[in-house]
Amino acid sequence: MSKTAQERWYDVIRSPVVTEKATQGSEHNQVTFRVSTDATKPEIKAAVEGLFGVKVDKVNTINVNGKAKVWKGRRGQRASWKKAVVRIAEGQHIDVMTGV
């Protein structure tokens with residue numbers, strides 16, 4: 001792959017999502033990531049396979065809308081973001097706590 005495509009991998013995958021629901025997905029070979037809002041499913045698949053060295057079976061994406069919040073009487077809006085649930089091949093593992 002070209003150097004620019006490999007650099008894009010780090011732009012596509014922002015961070016792992018570490019919640020109770022996301023960690024339950026590991027029982028079904030699923031890992032959840034926060035990804036760039038303009039990332040496509042093939043880009044996410046290529047980035048996960050390239051960075052972690054695993055075989056990706058399926059990628060599902062969800063656009064999460066930012067919540068409207070009130071803080072000290074002022075209204076605000078949290079940023080919207082994109083979530084990707086990646087199913088990896090049977091028998092492979094990604095440890096999101098150790099980093100890339």
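The lining of the second largest pocket draws at least two residues from each of α2, β2 and β6, where helices (H or I, at least four residues) and strands (E, at least two) are DSSP runs numbered from the N terminus. A pocket here is an open set of points on a 1 Å grid over the protein atoms alone, with protein on both sides within 12 Å along at least five of seven lines, while a cavity is a set of points where a 1.4 Å probe fits but cannot get out, and lining residues have an atom within 4 Å of a point.

Before I go on, please keep in mind that this is a predicted model, in which local features need pLDDT of at least 70 and side-chain atom pairs count only at pLDDT 80 or more, whereas totals for chains, interfaces and linings use all residues. Residues are numbered from 1 along each chain as its sequence is written, and side-chain values use heavy atoms, with hydrogens and water left out.

Returning to the second largest pocket, its volume is about 230 Å³, a volume being the space filled by probe spheres set on grid points that are joined across faces, edges and corners. Its lining includes Val-17, Gln-30, Lys-83 and Val-85, and by class it has three nonpolar, four polar and two charged residues. In this scheme Ala, Val, Leu, Ile, Met, Phe, Trp, Tyr, Cys and Pro count as nonpolar, Asp, Glu, Lys and Arg as charged, and the others, Gly among them, as polar.

The largest pocket holds about 260 Å³ of space, and of the 17 residues that line it, Ser-26, Gln-30, Val-31, Ile-94 and Val-96 lie nearest its centre. The largest share of that lining, three residues, comes from β2.

There is also one cavity of 30 Å³ or more, and Gln-30 is among the residues that line the largest cavity, together with Lys-58, Val-59, Asn-60, Val-85, Val-86 and Arg-87. The elements giving two or more residues to that lining are β3 (56-64) and β6 (81-88).

Lastly, let us look at helix α3. Ile-44, Ala-47, Val-48 and Leu-51 are the buried residues of α3, buried meaning under 20% relative accessible area with a 1.4 Å probe and protein chains only. Seen down the axis, these buried residues fall within an arc of 95 degrees, so they line one face of the helix, the arc being that of the directions from the helix axis to the C-beta atoms.

Methods
Buried means under 20% relative accessible area, exposed over 50%, partly exposed in between (1.4 Å probe, protein chains only).
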